[in-house]
Amino acid sequence: MQLLFRLLLVSWIVSFLSGCGGGNPTTPSFLSFGPAVLYRFTESAGNSTVQDTAPAPNSTVSDDASVFDYAGNPATLVSLPAFGNGPAQLPSFPNGLLYFYRPYLEAPHSADYNLTGAATLITWVRAVPCGAGFVSGLLDKYDPSNNTGCALWLRQTGGANPQAIPEVQLGTSTFTATAGFPADISSPIAPSLSSGTWYMLAVVIGGGNLSFYLNGQPAGSFPIPPGANPVNTQSVFIGKSRIHSSFCEFAMSGMVLFKQALAPGAIGAIHSLGPGGL
């Protein structure tokens with residue numbers, strides 16, 4: 001199995017390097033899986049929009065996300081160590097990240113976000129230690145009025161070494177990963193994000209199950225109850241929750257959505273690209 005995985009990974013690397021005219025090492029090989037939505041978070045301070053860079057045909061529209069302050073007013077990105085009206089980026093980070101501290105992103109509804117079949121969502125994340133019960137709303141397309149759509153967040157444990165536990169709302173059902181990762185962003189934030197450990201979270205829907213992966217390793221798989229409806233026309237929040245009122249600051253380095261259930265080997269290959277590889 002290890003030999004097969006290595007051969008597959010080498011073939012992906014060779015194929016995308018040859019397609020880049022001799023090789024930009026930061027070009028992600030996962031594009032061969034056909035993402036429907038892809039945010040790299042490489043926009044500089046002052047931008048009012050974060051671009052969806054997923055190519056056609058798997059991406060049917062450009063799902064660009066607008067920047068808003070905590071009160072829902074149009075805003076622009078800022079640059080750490082400063083804070084302002086929008087999520088904060090870090091110029092020194094190799095590829096791209098955003099730090100969320102209540103300002104958020106919002107993308108309009110589109111078919112790219114409708115999970116009518118299999119799907120995989122992947123992002124690199126870190127969280128501030130906020131205490132038991134605090135929630136970091138990563139992505140929210142949920143409608144509480146009729147229990148449709150989906151949402152993804154991190155719920156924190158308490159204690160001296162708090163963990164961030166991934167959870168998903170899909171229709172009327174909540175799914176909780178069997179493992180988490182340390183909530184360990186410290187102050188000052190900018191050097192902590194540059195030097196600390198990042199964690200890759202993947203959520204896979206397929207074959208009637210919802211499965212979590214952390215750093216390429218399985219972290220729980222659960223059957224999806226019949227009748228769960230992940231489809232609605234709500235806009236997409238990144239960094240804000242429609243379900244939870246508590247909030248804990250966090251950072252994301254890239255986010256990608258595929259309209260297929262990626263195999264464990266593919267998730268491991270994407271993890272091998274490292275943070276900033278999305």
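Student: Is C150 buried or exposed?

Tutor: Buried means under 20% relative accessible area and exposed over 50%, with partly exposed in between, for a 1.4 Å probe and protein chains only. C150, at a relative accessible area of 10%, is buried. This is a predicted model, in which local features need pLDDT of at least 70 and side-chain atom pairs count only at pLDDT 80 or more, while totals for chains, interfaces and linings use all residues. Residues are numbered from 1 along each chain as its sequence is written, and side-chain values use heavy atoms, with hydrogens and water left out.

Student: How many disulfides does a search of the whole structure find?

Tutor: A disulfide is a covalent bond between the sulfur atoms of two cysteines, and the criterion here is a pair of cysteine sulfur atoms within 2.5 Å. The search of the whole structure finds one, formed by C130 and C248 with their sulfur atoms 2.0 Å apart. The link of C130 and C248 is right-handed, with 85° about the S-S bond.

Student: Which parts does the pair tie together?

Tutor: Strands are DSSP runs (E, at least two residues), numbered from the N terminus. C130 lies in the loop between β8 (119-127) and β9 (135-143), and C248 in the loop between β17 (236-238) and β18 (250-258), so the pair ties together parts 118 residues apart in sequence.

Student: What is the relative accessible area of C130, and what is that of C248?

Tutor: C130 is partly exposed, with a relative accessible area of 28%, whereas C248 is buried, with a value of 0%.

How values were computed: Helix = DSSP H or I, 4+ residues; strand = E, 2+ residues; numbered from the N terminus.
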